[in-house]
Amino acid sequence: MLTGRSPSPPSSDRVRPDVAVVGAGPIGLAIAWRCAARGLRVVVHDPAPGSGASAVAAGMLSPVAEAHFGERQLTGLLLASAARWPAFAAELTEATGVEVGYRTEGTLMVGLTGDDLAEARRLWAYQQGLGLPVTPLRPSELRDSEPALAPRVRGGALAPTDHQVDPRLLVPALRTAAQRAGAVLVPQPVRKLSDVDATVTVVAAGCGATALTGLPVRPVKGQILRLRAPDGVAPGFRHVIRGYADGEHVYLVPRADGEVVLGATVEERSDTTVTAGAVQRLLRAGVDLLPELAEYDLVEAVAGLRPGTPDNAPILGPLPDRPDVLVATGHHRHGIVLTPITADLIAELVLGGVPDPMLAPFRADRFGGAAVAASGGPEPSVEGDLWS
């Protein structure tokens, strides 16, 4: 086992931690929870837990809709993690008494125009070829499922196993669970790994992992809107809607409290400025698919930074030449759905010292070259969860 000790009850004494987690987004907090629940002494370093991109994310659990060409290994990991979500959500609620907005109505994928539908069908055919549950629907069947859809929508498909959770409920619940299990939160940034004193360090710092480790994690900007149904009623649709609208790809996620999350842009930029053009494009596409949204309140427009990698897959496992440093970052669009499996695999690696075979495609050394030594490189400011 990497910790070099048998699990024991957490202690309040000033002793060296078994595990130090850098980053208190959903990934970092879930890893801390899993490790602390196994009796390890755990500290979590973050000056503002849960203040990063998890507060922006929509929370779609969409291994089917997110199955893209050339990403078969990633799709396998997404499916395996999504399968863990029902038990994970139930366990988290039992540990904290907090519901995390886990909903199972499924996801409708739709195309507004003929061209949109043709593009969508190419992807659905690929997903069906992988044996994924995708059921094509005629326009009449779509509107039977969701009468609020625009009459112009040309067709769609149902992904019944693509669900959702609310990240703004999830992250506080994970923080509570981790602390109740004995993890200690340290509200300070980590500027270099040599400042961390623990048997094992887990870097779950999203985009901040680059400066800490030298790994190729880049920020991918996403702008997102939050709307609210008038008079405090629930939105007029139940399914998550993922749509193509005149070439614009959008999703709409309904919450029980009347909120609708509408997103999101994908921009190779590192700023978090909300732009008028992005708001216009998202609103136009959203209203084209669900006309009733024109009467909803616009309550928030925000931007966050996803941690992207060259192959769009996460980086999981030991840092090259540093077996005492584990990395759990680069989740890009998939941080929420991959939270359960990332936490389980990293916690098992901490305890057992032997990587699960599922980690093999996501090793830190797959991009070639060596990571910057943990004590070298530029000094980062790791703040918030940065869409980890």
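Contact here means heavy atoms within 4.5 Å. This is a predicted model, where local features need pLDDT of at least 70, side-chain atom pairs count only at pLDDT 80 or more, and totals for chains, interfaces and linings use all residues. Residues are numbered from 1 along each chain as its sequence is written, and side-chain values use heavy atoms, with hydrogens and water left out.

**View 1. The surroundings of Trp85.** Leaving aside residues up to four places away in sequence, tryptophan 85 touches Leu61, Tyr102, Val165, Leu170, Ile336, Val337 and Pro340.

**View 2. The largest nonpolar core.** A nonpolar core is a set of buried Ala, Val, Leu, Ile, Met, Phe, Trp, Tyr and Cys residues joined through side-chain atoms within 4.5 Å, with buried meaning under 20% relative accessible area (1.4 Å probe, protein chains only). The largest one has 55 residues, and Val21, Ile31, Val42, Trp85, Val202 and Val350 touch the most other members. Another core, of 26 residues, lies apart from it and includes Leu252 and Tyr296.

**View 3. Helix H1 against helix H8.** H1 (residues 26-37) and H8 (residues 339-352) pack at about 45°, their axes 8 Å apart; axes are lines fitted to C-alpha atoms over the stretch in contact, and angles run from 0 to 180 degrees between N-to-C directions. Helices are DSSP runs (H or I, at least four residues), numbered from the N terminus.

**View 4. Helix H2 against helix H5.** The H2 and H5 axes come within 9 Å and cross at roughly 60°. Trp85 turns up again here, as one of the H2 residues meeting H5, whose side includes Leu170 and Arg180.

Conventions. Helices (H or I, at least four residues) and strands (E, at least two) are DSSP runs, numbered from the N terminus. Buried means under 20% relative accessible area, exposed over 50%, partly exposed in between (1.4 Å probe, protein chains only).
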